[in-house]
Amino acid sequence: MNRRQFIAKSCAACLGTATVSAMVSSCASTRYTSGTMGKDGLTISMDEFKIKKQGQMAYHPFIIVRNESLQYPIYVYRFGETEYSALWMRCAHQGAELQAAGDQLHCPAHGSEFSNTGKVTNGPADKDLRSFPVTVNNNELFIDLRKP
Ligand code: FES
C-alpha cells in the first residue's frame, strides 16, 4: 500500500462508519501531551484521553506524547479503561519518525505500517516497534522507559 492509498483508506474509515462523530473528531484533532518525565519513565493523566462534548464522555483512541527529553514521540493507544499500549514512533526499518492514523502507524519514508500493538503489518520493516510497559495508577498512566 502506498502513501496515497493509506491516506485514502484512513479517511474512508473515518468517514464511512457508524461512529462517524467520534472518528472524525479523532482524525481532525490528534491529541498531544508532554507528560511528566521522572527517573524511570513518563507519567500522563488518563484525562488526556477524554473528550467532553455536549455533556457526553468519549475517548481519544490514542494520544501522542512529545517530550523534549525524548528523541521520538510515544504513541499511546487506549484499548479500554485499564489496557494501553505505548509505542516508540521510530520506524523499525531505518529509523524515520512514524505518523499515527487511528489504530495504525505509517512510515513516510518507505511505507512500512504497524498495528496499535506495534506489530509490522506491511514492510519493508521486518521487526516490530519498541514498546514500553504501561501501568495504571489511580488516574495516571506510567510508561516505563527503563526497558532497552
Ligand atoms: S524507514 Fe520506515 S520504512 Fe524505511
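**View 1. R146 and its salt bridge with D40.** R146 is exposed, with a relative accessible area of 54%. Exposed means over 50% relative accessible area, buried means under 20%, and partly exposed lies in between (1.4 Å probe, protein chains only). The model is predicted: local features need pLDDT of at least 70, side-chain atom pairs count only at pLDDT 80 or more, and totals for chains, interfaces and linings use all residues. Residues are numbered from 1 along each chain as its sequence is written, and side-chain values use heavy atoms, with hydrogens and water left out.

The partner of R146 in this view is D40, and the closest N and O atoms of the two are 3.6 Å apart. This pair links distant parts of the chain: D40 is in the loop between β2 (36-37) and β3 (41-45), R146 is in the segment after β15 (140-144), and 106 residues separate them. Strands (E, at least two residues) and helices (H or I, at least four) are DSSP runs, numbered from the N terminus. A salt bridge is a side-chain nitrogen of Lys or Arg within 4 Å of a carboxyl oxygen of Asp or Glu. D40 is partly exposed, at 24% relative accessible area. Both residues belong to a network of salt bridges that links K39, D40, D144 and R146.

**View 2. Salt bridges of R66 with E97 and of R78 with E81.** Side chains of opposite charge can pair when their charged atoms come close. In the salt bridge between E97 and R66, the N to O distance is 2.9 Å. E97 is in the loop between β8 (83-88) and β9 (99-101), while R66 is in the loop between β6 (62-65) and β7 (74-80), so the pair links distant parts of the chain, 31 residues apart. E97 has a relative accessible area of 31% and is partly exposed; R66, at 43%, also counts as partly exposed. In the other salt bridge, R78 and E81 meet at 3.0 Å, N to O. R78 is buried, with 16% relative accessible area, whereas E81 is partly exposed at 48%. A search of the whole structure finds 8 salt bridges.

**View 3. The antiparallel partners of β15.** Strands of a sheet pair through backbone hydrogen bonds, either parallel or antiparallel. Two strands pair if DSSP finds at least two bridges between them. β3 and β15 are joined in the antiparallel sense by 5 bridges, with G41 opposite D144 in β15. Strand β14 (residues 134-137) is joined to β15 by 4 bridges and runs antiparallel to it; here T135 stands opposite F142 in β15. β14 and β15 form a hairpin with 2 residues between them, and N138 in the turn has a positive phi of about 50°.

**View 4. An open sheet of 4 strands.** The strands follow the order β9-β10-β11-β12, and their pairing is antiparallel. β9 and β12 (120-122) stand at the edges with a single partner strand each, so one side of each has no neighbour in the sheet. Neighbouring strands of this sheet are turned by 35° against each other on average, direction ignored. The axes are lines fitted to C-alpha atoms (for helices over the stretch in contact), and angles run from 0 to 180 degrees between N-to-C directions. Strand β11 (residues 113-115) is joined to β12 by 2 bridges, and E113 stands opposite N122 in β12.

**View 5. The surroundings of H60.** H60 is in the loop between β5 (56-59) and β6. H60 counts as buried, at 8% relative accessibility. Leaving aside neighbours within four places in sequence, H60 is in contact (heavy atoms within 4.5 Å) with S29, R31, E48, F49, K50, I51 and R78.

**View 6. The largest nonpolar core and a second, separate one.** A nonpolar core is a set of buried Ala, Val, Leu, Ile, Met, Phe, Trp, Tyr and Cys residues joined through side-chain atoms within 4.5 Å. The largest has 17 residues, of which I74, V76 and I143 touch the most other members. Two or more residues come from each of β3, β6, β7, β8 and β15, and β8 gives the largest share, 3 residues. Not counting residues up to four places away in sequence, I143 touches D40, G41, L42, I44, V76, A86, F132, P133 and V134. The second core has 14 residues, including C91, C107, A125 and L129. In the chain of 148 residues, 39% count as buried.
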